[in-house]
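Let's take a walk through this one together. Have the sequence and the model open side by side, and follow along from strands to side chains.

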Amino acid sequence: AGVRGLTFRYLDGMDAQTLDPASVRAIEVAVVGVTDEPIHDRDLLRPLVDSFALMTRVALRNGPRP
């Protein structure tokens, strides 16, 4: 129901999202995935969907860190 796949957020010095390339000071990279098939937990009658999310923030070189 949410965003899946690889996403990038470009952040300025105040940690606000920006589209101006000159003001980018950090980039957040996120990977979100969901299994193709339902996964059963202990309750075999109620299948679950397993998901994972990984996120990191990279400060740009030669720029002030946020």
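A word on burial before anything else: a residue is called buried under 20% relative accessible area, exposed over 50%, and partly exposed in between, using a 1.4 Å probe and protein chains only. This is a predicted model, where local features need pLDDT of at least 70 and side-chain atom pairs count only at pLDDT 80 or more, while totals for chains, interfaces and linings use all residues. Residues are numbered from 1 along each chain as its sequence is written, and side-chain values use heavy atoms, with hydrogens and water left out.

Start with the overall layout. The protein chain has 5 strands and 0 helices, giving the pattern β-β-β-β-β along the sequence. Here, strands (E, at least two residues) and helices (H or I, at least four) are DSSP runs, numbered from the N terminus. Of the 66 residues in the chain, 14% count as buried. If we take a contact as heavy atoms within 4.5 Å, then among contacts between residues at least 6 apart in sequence, 41% join residues at least 24 apart.

Now look at the sheet. Three strands form an open sheet in the order S1-S2-S5, with antiparallel pairing. S1 and S5 stand at the edges with a single partner strand each, so one side of each has no neighbour in the sheet. From one strand to the next, the twist averages 15 degrees; that angle is taken between N-to-C directions, on a scale from 0 to 180 degrees, with axes that are lines fitted to C-alpha atoms, for helices over the stretch in contact. Two strands pair if DSSP finds at least two bridges between them, and S1 and S2 (residues 26-34) have 7 bridges in the antiparallel sense. Within that pairing, Phe-8 stands opposite Val-29 in S2.

Together with Leu-6, Tyr-10, Val-31, Phe-52 and Leu-54, Phe-8 makes a nonpolar patch of about 580 Å². Such patches are made of residues with over 30% relative accessible area and no salt bridge, with nonpolar side chains (Val, Leu, Ile, Met, Phe, Trp, Tyr) joined within 5 Å and like charges within 9 Å. S1 (5-11) and S5 (51-59) each supply at least two of the patch residues, and the largest share, 3 residues, comes from S1. Leu-54, which lies in S5, is exposed at 56% relative accessible area.

The rule is a side-chain nitrogen of Lys or Arg within 4 Å of a carboxyl oxygen of Asp or Glu, and the count comes to 3 salt bridges. Arg-9 meets Glu-28 at 3.1 Å, N to O; Arg-9 lies in S1 and Glu-28 in S2, so this pair ties together parts 19 residues apart in sequence. Arg-9 is partly exposed at 33%, whereas Glu-28 is buried at 10%.

Arg-57 also forms a salt bridge with Glu-28, with the closest N and O atoms 2.7 Å apart. Arg-57 sits in S5 and Glu-28 in S2, so that pair ties together parts 29 residues apart. Arg-57 forms another salt bridge with Asp-15, at 3.0 Å between the closest N and O atoms, linking S5 to the loop between S1 and S2 across 42 residues. Both ends are partly exposed: Arg-57 at 40% and Asp-15 at 36%. Most residues other than glycine have a negative phi.

Notes: Accessible areas come from the Shrake-Rupley method with a 1.4 Å probe; for residues, only the protein chains shown count as cover.
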